[in-house]
Amino acid sequence: MSTISQDDFITSICGALQYISYYHPPDFIQALHEAYQREESPAARDAMAQILINSRMCAEGHRPICQDTGIVNIFLKVGMDVRWESDTGIDDMVNEAVRRAYLDPDNPLRGSIVSDPAGKRINTGDNTPAVIHKDIVPGDKVDIIVAAKGGGSENKARFAILNPSDDIVEWVLQQVPTMGAGWCPPGILGIGIGGTAEKAMLLAKEAILEPLDMHNLQRRWPENIREELRLEIFEKVNALGIGAQGLGGLTTVLDVKIKDYPTHAASKPVALIPNCAATRHVHFTLDGSGPVDLLPPRLEDWPEITREASASTRRVQLDDIDPAVELDWQPGDTLLISGKLLTRRDAAHKRIIDLLDRNEPLPNKLDFRGRFIYYVGPVAPVGDEVVGPAGPTTATRMDKFTDELLEKTGLLGMIGKAERGPEAIKSIARHKAVYLIATGGAAYLVSKAIKKARVVAFPELGMEAVYELEVEDMPVTVAVDTRGNSIHESGPREWKMRIGNIPVVTK
Ligand code: SF4
């Protein structure tokens, strides 16, 4: 019998949430570094370099890896011989830990959780509640997995109940291209097979929290059907050529993890959940002897990378662009942009569209003519920071607003992450605008390019308010040019063909 106190439980989970906000798991860094060294696509290699540099900066600076600090997922295995010294329930204790971690003044994390999800969608302010899974197991300890899952990757989860004779690999290969780049590859695919609908989803989520060991598996003979499937899916998904950030390249997934469970003879449930460039989780055990003491990882495990200069990199002063002259930037060009940007996310888009539809003026005489907007919701700053980590959010969500905004406001360009849909691309071409991407999962690195920030509209929206940012040498890649050519179409197409000609070695 062991006794776990309320204080030890809350302190441990709170500390773990802070820990994973700035420390990637070392096995993820190792797998990403190996992929970076192998990568031949310059754009994908640069994106991986930014993610690795960002990761080291966060580990050193104790600031979040990504501006989306995630929805908290907690997995508890509670021993049947554990006694609790607490005046409240497990869920309340977990949520108190989340509250303390996300409101920590030394490293505040972004609150991304909204209540009333089908209605008013009000931010809860402290990132509560967590999603909590509990198992009762033999023993006198509590095993805990603390994870913070990014919305961009969670949004790409897939599920199907296949016929028993259907091919799981074929289904996965149909799904992954439809996930686009909003899940910020390279990452991990978690696959749950069997059980019931909800069990398969849970298995997939648990699978992405397992240690990465694909390279070991590639060096030995697979011992069961799950390992055979992992190898086949790993090889075939990477052969799709999607690459880091969907730019086209050799590595889309760093590992494929599979968990299974017996199922009904008539069913083959399959769930797929990706984990992103901001993979964040830690595992520990409480045995009644006090709170967990998570040791910082060795910084030597983080490679020291510098971004390589590219012949196509050019410096651009946004404030000097003449909107009357068509931009000659090509998809895949790397730019270092300086000047003034406006920010906007989902809620501000909706408000601006409503005002435009009612022919009402925009607040503070907001004028988007000839300007660029950055889809971002930054973390709150600390100390002398101008903004906290401020990476891009998924632009595809703004597609439905794009034509009206380009038409009515004279906007010149947008900066976000992931691909644009066909209608948005047509609209970009029709208005001779451009779409640029920053690297998802490199938020702290991007924030260092932001030299000034001020709220210019909708302050009540918090992290979704409209800011004016002044940036210096912010790294971006041209994703859609003024003629509607998209790197997210041409990049994977080119790399799929190239990989088709590269003999794949699995052992
Ligand atoms: S890396 Fe991408 S998907 Fe992951 S949390 Fe950050 S923005 Fe979201």
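Predicted model: local features only at pLDDT ≥ 70, side-chain atom pairs only at ≥ 80, totals over all residues.
Local features were considered at pLDDT of at least 70 and side-chain atom pairs only at pLDDT 80 or more, whereas totals for chains, interfaces and linings use all residues. Residues are numbered from 1 along each chain as its sequence is written, and side-chain values rest on heavy atoms, with hydrogens and water left out.

The chain contains 14 helices and 19 strands, defined as DSSP runs (H or I of at least four residues for helices, E of at least two for strands) and numbered from the N terminus. Its radius of gyration is 23 Å, close to the 23 Å given by the globule rule for 507 residues, so the chain is as compact as a globular protein of that length. This radius is taken over C-alpha atoms, and the rule is 2.2 Å times the number of residues to the power 0.38. Along the principal axes, the C-alpha atoms fill a box of roughly 75 × 55 × 45 Å. Of the 507 residues, 58% count as buried (under 20% relative accessible area, with exposed over 50% and partly exposed in between; 1.4 Å probe, protein chains only). Among contacts (heavy atoms within 4.5 Å) with a separation of 6 or more, 77% involve residues 24 or more positions apart.

C184 has a positive phi of about 55° although it is not a glycine, and counts as buried at 7% relative accessibility. The loop between helix 6 (168-178) and strand 9 (187-195) also holds P186, and the peptide bond from P185 to P186 is cis, with omega near 5°. A further cis peptide bond joins T128 to P129, with omega near 0°; P129 is placed in the loop between strand 5 (122-123) and strand 6 (131-137). A positive phi near 55° is also found at D473, in strand 19 (residues 466-480); D473 is partly exposed, with a relative accessible area of 27%.

Four aromatic pairs are present (ring centres of Phe, Tyr or Trp, the last by its six-membered ring, within 6.5 Å; stacked under 30 degrees between planes, edge-to-face over 60, tilted for the rest). Y22 and Y23 form an edge-to-face pair, 4.9 Å centre to centre with 80° between the planes, and both residues are buried. The pair of W329 and F372 is tilted, at 6.1 Å and 35°. W329 lies in the loop between strand 13 (314-317) and strand 14 (334-343) and F372 in strand 15 (residues 372-374), so this pair ties together parts 43 residues apart in sequence. W329 is buried at 4% relative accessibility, as is F372 at 1%. Ring pairs also link Y19, Y22 and Y23 into a cluster.

Charges over rings were identified where NZ of Lys or CZ of Arg is within 6 Å of the ring centre and within 35 degrees of the ring normal. R45 lies over the face of Y36, at 4.3 Å from the ring centre, and K199 over that of Y261, at 4.5 Å.
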